[in-house]
Amino acid sequence: MRLRRRQAQTGRQRIINEQPAQTPTTFSYANSPRQPGAKSAESRTPPQGRLWLKRLGLLVFLVAMTALAVNTISLTPSAKVVSLATGDSQSFLRPDSYYEPIINKLLASSIWNRNKITLNTDQINHQLLSRFPEISSASVTVPLAGHQPTVYIQPAQPVLILAASNGSFVVDASGRALLNAASAAQPFKGLPTLTDQSSLNVSLDHQALPADNVKFIRVVLAELAAKQYQVASMVLPPASSELDVYPAGQPYFIKFNLQNNDARQQAGTFLALAVSLKQQNITPTQYIDVRVDGRAYYK
């Protein structure tokens, strides 16, 4: 019995030993094996460091864009003055070098004038018109790409020179005293001179003559010029509403009534009488008076 049991066990062991050995599993990798001690870029920079690098880059970009924007809208407190004067009005303005430092001082007077967005152009225009009566309009413009503002100035239109007790002044169509004639850049040419004999004291940027009187004078001058009468001088006698006009080359002067607004009618009355007197070979030696409507007297 013992012998058979041993043989059975021996046969079982033989069967077990005769089973084929299992082939070991082979694994392959597509990637080459890493070198010992090598690390990827991601493993070298911790996540917190990468976040700070991104934030730093964004901050640098924002600072650069802000600096570019500030530089684009900034203005220098040094303006370029451009005169729009033409012809006779060119002598009406002072040189550009006179206006530039005053305009620059106005620009530098407020920090809000240092950029294109907050520049108060209306205030500067108003200050220029208040300070310089000879300027009828002013315009401040800013460049798109540059930094220097440009100021365009338009002179008022002078119509006559008023010789008053305290000097000679340039007067515009509204009768306002704009400029002392002695301050002009160049002598005035072609402007008629009106001499006041009533001791009138004139102030700059104030009313020197009523606007209706200036209009009356201009109409008379135009009517006489249309008939080739040149005017040598004009006078405002004291304490009266009379206008005395002295034609060039004539021994007489013409008396006009400033209170009568119909200057064209009075001028027409004179011209009709002048033609009639010429036909009769009569030349007045003192005056021709047309102050009464539809009537003319001479002496």
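Guide: Seven of the seven residues of β4 are buried, so this strand is largely enclosed by the rest of the structure. Buried here means under 20% relative accessible area, with exposed meaning over 50% and partly exposed the range in between, for a 1.4 Å probe and protein chains only. Strands (E, at least two residues) and helices (H or I, at least four) are DSSP runs, numbered from the N terminus.

Some conventions come first. The model is predicted, and local features therefore need pLDDT of at least 70, side-chain atom pairs count only at pLDDT 80 or more, while totals for chains, interfaces and linings use all residues. Residues are numbered from 1 along each chain as its sequence is written, and side-chain values use heavy atoms, with hydrogens and water left out.

The strand β4 belongs to an open sheet of nine strands with mixed pairing, in the order β6-β5-β4-β7-β8-β9-β10-β11-β12. At the edges stand β6 (177–180) and β12 (297–298); each has a single partner strand, so one side of each is left without a neighbour in the sheet. Two strands are taken to pair if DSSP finds at least two bridges between them. In general, the strands of a sheet pair through backbone hydrogen bonds, either parallel or antiparallel.

On one side, β4 (residues 158–164) is joined to β5 (residues 167–172) by six bridges, and the two strands run antiparallel. They form a hairpin with two residues between them. Among the bridged pairs, Ala-164 has Gly-167 of β5 as its partner, and Pro-158 is bridged to Asp-172 of β5. Four residues lie between the strands of the β5 and β6 hairpin, where Gly-175 takes a positive phi near 90 degrees.

On β4's pairing with β7 (residues 193–196), the sense is parallel, and three bridges join the two strands. Here Ile-161 stands opposite Thr-193 of β7.

Further along the order, β9 is mostly covered, with five of its six residues buried. Strand β8 (residues 231–236) is joined to β9 by four bridges, the two running antiparallel, and Val-235 has Asp-244 of β9 as its bridge partner. The hairpin of β8 and β9 has five residues between the strands, and Ala-239 in its turn has a positive phi of about 50 degrees. Four bridges also join β9 to β10, again in an antiparallel arrangement.

Leaving aside neighbours within four places in sequence, Pro-251 is in contact (heavy atoms within 4.5 Å) with Thr-283, Pro-284, Thr-285 and Gln-286. Pro-251 and Thr-285 are 34 residues apart in sequence, yet 5.4 Å apart in space, C-alpha to C-alpha.

Helices complete the view. Helix α7 lies across β10, β11 (287–289) and β12, running at about 150 degrees to β10. Angles run from 0 to 180 degrees between N-to-C directions, and axes are lines fitted to C-alpha atoms, for helices over the stretch in contact. Helix α7 (residues 263–279) also packs with helix α6 (residues 211–226), at an angle of about 35 degrees and with the axes 9 Å apart. The contact is made by Phe-216, Val-219, Val-220, Glu-223 and Leu-224 of α6 and by Ala-263, Arg-264, Gln-266, Ala-267, Phe-270 and Leu-271 of α7. By class, the contact of α6 with α7 has eight nonpolar, one polar and two charged residues. In this scheme Ala, Val, Leu, Ile, Met, Phe, Trp, Tyr, Cys and Pro count as nonpolar, Asp, Glu, Lys and Arg as charged, and the others, Gly among them, as polar.

As for the whole chain, the secondary structure comes to seven helices and 12 strands, and buried residues make up 31% of the 299 residues.
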